[in-house]
Amino acid sequence: MELYFLGDEELVTAFRFIGIEGLAVRDADEAIAVFRKITEKIEDIDLSGLSNKIPSEQDNCQILIMTEETADWLGDYMINWQLSGNFPLVVEIPGLAGRLAGRKTLVEAIREAIGIHV
């Protein structure tokens, strides 16, 4: 599986309709456990509290899609992963409640990085 989604239950269901498997996480502890299992391939992380398990195909995950809220829960884990340059590539999307305050879009970040101001 090349794409995988982490977020709330409603969006996990929506992504399944378009053929992308995912897992609903309810808090920071669950988000960190699943993220570490996917990125670090740690087998002994206990995910028994989750309603469904990560499919075995997650080993081939190339793009990990998650809501902004889930990414915030990951904190330093997310920052360190993004700086590592390893796969899977992490893509953040707004949740059902919309964009989180103070978050830049990818286009805004690119414009800022290359110095384009409109």
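This is a predicted model: local features need pLDDT of at least 70, side-chain atom pairs count only at pLDDT 80 or more; totals for chains, interfaces and linings use all residues.
Residues are numbered from 1 along each chain as its sequence is written, and side-chain values use heavy atoms, without hydrogens or water.

**Exercise 1.** Find the largest nonpolar core and say which element gives the most to it.

Solution. 
1. Take buried (under 20% relative accessible area, 1.4 Å probe, protein chains only) Ala, Val, Leu, Ile, Met, Phe, Trp, Tyr and Cys residues, and join them through side-chain atoms within 4.5 Å.
2. The largest core has 17 residues. Those with the most contacts inside it are Y4, L6, F35, L64, M66 and L74.
3. Assign elements by DSSP runs: helices (H or I, at least four residues) and strands (E, at least two), numbered from the N terminus. Two or more residues come from each of β1 (3-7), α2 (28-40), β3 (63-67), α3 (68-74) and α4 (76-84).
4. α2 gives the most, with five residues.
5. Another core lies apart from it, of seven residues, including F5 and I65.

**Exercise 2.** Classify the aromatic pairs.

Solution. 
1. Pair Phe, Tyr and Trp (six-membered ring) if ring centres lie within 6.5 Å; planes under 30 degrees apart are stacked, over 60 edge-to-face, the rest tilted.
2. The count is two.
3. F5 and F15 have centres 4.3 Å apart and planes at 10°, so they are stacked. Strand β1 holds F5, and helix α1 (residues 9-17) holds F15. Both are buried.
4. F35 and W81 are edge-to-face, at 6.3 Å and 85°. F35 is in helix α2 and W81 in helix α4, so the pair ties together parts 46 residues apart in sequence. Both F35 and W81 are buried.

Conventions: Buried means under 20% relative accessible area, exposed over 50%, partly exposed in between (1.4 Å probe, protein chains only).
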